[in-house]
Amino acid sequence: MSSLRVSVLDLVGMKPGETAGSAIARTVETAQHVERLGYTRFWLAEHHSIAGLACSATSVLIGHVAQQTSTIRVGSGGVMLPNHAPLVVAEQFGTLASIYSNRIDLGLGRAPGSDQPTMRAMRRDLRTTGDDFPELVAEVQQFLGAPRPGQIVHAIPGEGTRVPITLLGSSGFSAQLAGQMGLPFAFAAHFAPQYAQQAMELYRSNFRPSEWLDKPYAMAGLPVLAADTDAQAKRLLTTPQQRFLSLVRNQAVELKPPVESMDGLWNAGEREAVEARLALSVVGDAAAVKARLQRIADWLGLDEILAVTDTYDQADRLRSYEILAEVAKGIEVRAAVAA
């Protein structure tokens, strides 16, 4: 049996009043820390016009993090492909792969990562449904692959780099497509846990071996907060709880200090909405985290997790990743089992 791989999904969260530069410096420190711990990859998300997140220029951030690390894979979690021309994506990631050989991942998503006014500002066609996502993915693959006879437009750099592609999703659409294309699939269980099992079942049932994979490779983003005691971890959980509460209220999603209790900060409906988003959280001391992760990994048939760890104090985040790295060594990758 192989051990569960652990990686990081980073949204470059900002504290109230903090500059983007300070948040990005913290992201670099985190990447260097998890690289020393033996994490597989460090991915950066794409979100636009969201106060509290400094991850809009994803490819720029990837280059910055890759420059200041040496072994960990760095990539996108993910590039929202409908926001970008496939040629430009291929050129950007082909350039990154040319500089940081064999360390760049291209995770592709179908969602806009923004609201309608922001989409309009990005010059997106608001009538777009995402139904052309399969064609867009195939176009990126083509630009990153070997040139074809008669091909007129080429991604330079990019052509022939064959940057590894993973499809990301929070529903069944991308899960099914990833299976049909024989690509790895990463599910966004850090904010859409209710669809996780269905998506993974669709991925596996639709999987066809390809030049990239001979069997499914399943990943999931999970909220992870590990601490030296359960009480400490549960207190740290109030930071992501406050973030999702702000999201529910359409407020800035900045990192706020943990509190002793969420009572009085939310009403019953808000609490239900926040807890639904965090239903697959992994919270506790080392023993609790190991047991919870093993159950989730078995249930979803995971090969790898992308830990999303939102803390106000950087020391708490780094400690959480230390605990996760240690306990993951004892978590076995098994076939999916019924809940």
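1. Basis. The model is predicted: local features need pLDDT of at least 70, side-chain atom pairs count only at pLDDT 80 or more, and totals for chains, interfaces and linings use all residues. Residues are numbered from 1 along each chain as its sequence is written, and side-chain values use heavy atoms, with hydrogens and water left out.

2. Overall form. The protein chain holds 12 helices and 10 strands (DSSP runs numbered from the N terminus: H or I of at least four residues, E of at least two). Its radius of gyration is 19 Å, close to the 20 Å that the globule rule gives for 339 residues, so the chain is as compact as a globular protein of that length. The radius is taken over C-alpha atoms, and the rule is 2.2 Å times the number of residues to the power 0.38. The C-alpha trace spans about 65 × 45 × 40 Å along its principal axes.

3. Helix pair. The axes of H2 (residues 58–67) and H3 (residues 86–99) come within 11 Å and cross at roughly 0°. Axes are lines fitted to C-alpha atoms over the stretch in contact, with angles from 0 to 180 degrees between N-to-C directions. H2 is therefore roughly parallel to H3 (angles under 35 degrees). Ser 59, Ile 62 and Gly 63 of H2 meet Gln 92, Phe 93 and Leu 96 of H3 (contact: heavy atoms within 4.5 Å). By class, the contact has 3 nonpolar, 3 polar and no charged residues. Nonpolar means Ala, Val, Leu, Ile, Met, Phe, Trp, Tyr, Cys and Pro; charged means Asp, Glu, Lys and Arg; the others, Gly among them, are polar.

4. Cavity. There is 1 cavity of 30 Å³ or more. On a 1 Å grid over the protein atoms alone, a cavity is a set of points where a 1.4 Å probe fits but cannot get out; a pocket is an open set with protein on both sides within 12 Å along at least five of seven lines; lining residues have an atom within 4 Å of a point. The largest cavity has about 140 Å³ of space. Its lining has 17 residues, with Gly 13, Leu 255, Thr 309, Asp 310 and Arg 317 the closest to its centre. S1 (5–10), H1 (20–36) and H12 (314–328) each give two or more residues. H1 gives the largest share, 3 residues.

5. Of its 14 lining residues, Arg 41, Pro 164, Thr 166, Pro 184 and Leu 213 are the closest to its centre. The lining divides into 9 nonpolar, 1 polar and 4 charged residues.

Notes
Grid points are joined across faces, edges and corners, and a volume is the space filled by probe spheres set on the points. Angles under 35 degrees count as roughly parallel, over 145 as roughly antiparallel, 65 to 115 as roughly perpendicular and the rest as oblique.
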